[in-house]
Structure formats: structure tokens, C-alpha cells
Amino acid sequence: MAGQKTARVPRAAYEKELLRLQTELVKLQEWVRAEGARLVVVFEGRDAAGKGSTIKRVAEHLNPRQARIVALPKPTERERTQWYFQRYVEHLPAAGEIVLFDRSWYNRAGVERVMGFCTKEEHQLFLRQCPVFERMLVEEGILLRKYWFSVSDAVQQERFRRRMTDPTRRWKLSPMDLESITRWEAYSRAKDEMLVHTDVSEAPWFVVESDDKRRARLNMMAHLLGSVPYYEVPPPVLELPRRPPSTGYERPPRDLQTYVPDHAASL
């Protein structure tokens, strides 16, 4: 369970298995392309639970023309007047595509519910409509996978502290993130209620224990691969052509172009 101490995955073993899983994800993507399949992966969880870093590793070696990350900002005034699911529908995959949702329509069940950004009636309507919406996606043939990243309060707080002092991660920390510390139990109740209504057989939730980020990434990726009946698609046979003989082309003098200074030489 989140919060329980487990031995951290050694870096060498982690990096070896990560590369193996990423190689399999490339094979999965080729299968999706060849079969014209559509895959949606939803990443949800508390702030600092490790969703973003996992998505980064999942997408690292995938073809960005066929696999894209969707992380929507807060809705515009116009989008607030639409059917709630409407702005997510336009980001669903076409044949041969993978979409990774870095947070999703479940914002309404979590942040919006806890922070008061939606009414009680809107929240209840979401809980009724969401299973119907997801059943429609599955019936349409979309492969839908939903992962909830579970982090303990102590680990979350430590990750917030590191973000406050790390200039490369400072952008990840917002006043709303800090607000989540004081509303830990409210978020827990909202998550429990969400699972009761939306953990349905057609689109079940899978919980990823994420106090150890390395373990969480490997577990999530291995589960995703094991849940899809993909096979290795033989790559096309390619042959590197011979370079034709020169026809007399000469490169222009270097001083006619502006080159980036060699900063590396100063190291």
C-alpha cells in the first residue's frame, strides 16, 4: 500500500527494465498503427504522485505523430458552456493513434469537486454520465486504460519541498498544489466516491502505488503492455542506398553563415 516501505528498485535494474519496456511500447505502437487500433491511457492521481514523469517515460521513444500527450488547461468561458465531456472528445484518437491524458475528464471528480469549481449538481451529473461515456468509448472500439497513482501524504509533502528548492521543478508547484496539503482528506473522500461510481467492468481503474517512482513507472508500463493483445509487427525491409558520385558541388565558405558559438569548448 502507498506509504509502506519497500526496497527501492536499484538504478541499474531499473534502467535495464525500463529500456526493455520502452522497446515493447514501440512494438505496441506499431501494432496500433498496423491494426488501426485506438488507445487511450488516462493518468490520474494526487499532485506530485508521479504521473508526469511516468508519461514522459512512456512517450519517450514513441513516434509523436502517432502518440500524443494531452494536458488541457483550465476551460475557457466558451468551453464552460459546453457539455462537460465535449472538449475531451476532440482529443480522442483516430485509427492508429495513442493518446495519453495527463489528467482528464476526471478533473471534475477531483480538483473541481474539492476546490468548489463545480456545483454539487454538476458533480453528481458527472458521476452518472461518466460510466455511460466510457462505455460508449469502449463500445466504439477504443482501448481505454485508467491508472490512479497513489502517493502517501508524507512522500507528497517531501516532493513538494524538493520542488520549492529546485529551479528546474519550481514550475510544477502552484498555490493550488499547496492547497491540496490542507485538503488531503477531502481529496481522499472525493477519490473514494469517484471510484465507487466509475470503477466499472468495461473501464476499470488500476491503482499504481507511487511512493517509489521507479517502481511505479515499471509497474504501470508492464501492466499496460500486458493488458493489450499486441504482437510484433515485422518492420519493412530497408536498404541504405549508395551515395551517388559527386557532381561538383562545393560547400559555401563557413564565414558566409552564422554559427552557434561553441559553448561546449569552455567546459
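Start with E232, which sits in the segment after α9 (213–227); helices (H or I, at least four residues) and strands (E, at least two) are DSSP runs, numbered from the N terminus. This is a predicted model, where local features need pLDDT of at least 70 and side-chain atom pairs count only at pLDDT 80 or more, while totals for chains, interfaces and linings use all residues. Residues are numbered from 1 along each chain as its sequence is written, and side-chain values use heavy atoms, with hydrogens and water left out.

E232 counts as exposed because its relative accessibility is 53% (buried is under 20% relative accessible area, exposed over 50%, partly exposed in between, with a 1.4 Å probe and protein chains only).

Next, select helix α1 (residues 11–35) together with α9. Their axes come within 10 Å and cross at roughly 30 degrees (axes are lines fitted to C-alpha atoms, for helices over the stretch in contact, and angles run from 0 to 180 degrees between N-to-C directions). Show side chains for the contact (heavy atoms within 4.5 Å): among them are Y14, L18 and L21 of α1, and R217, L218 and M221 of α9.

Now for the sheet. Colour its 5 strands in the order β2-β3-β1-β4-β5, an open arrangement with parallel pairing; two strands pair if DSSP finds at least two bridges between them. β2 (67–70) and β5 (205–209) are at the edges with a single partner strand each, so one side of each has no neighbour in the sheet. From one strand to the next, the twist averages 20 degrees.

Zoom in on β1 (residues 38–45) and β4 (residues 143–150), which pair in the parallel sense over 7 bridges. Pick E44 and you'll find its bridge partner, W148, in β4. Bring α1 back: this helix packs on the sheet, touching β1, β2, β3 (97–102) and β4, and its direction makes about 125 degrees with that of β3. α9 lies across β1, β4 and β5, at about 160 degrees to β4.

Last stop: two loops. Which residue sits in the loop between β1 and α2 (51–59)? That's A48, with a positive phi of about 70 degrees although it is not a glycine. A48 counts as buried because its relative accessibility is 5%. Then select R103, in the loop between β3 and α4 (111–115); its phi is near 70 degrees, again positive in a residue other than glycine.
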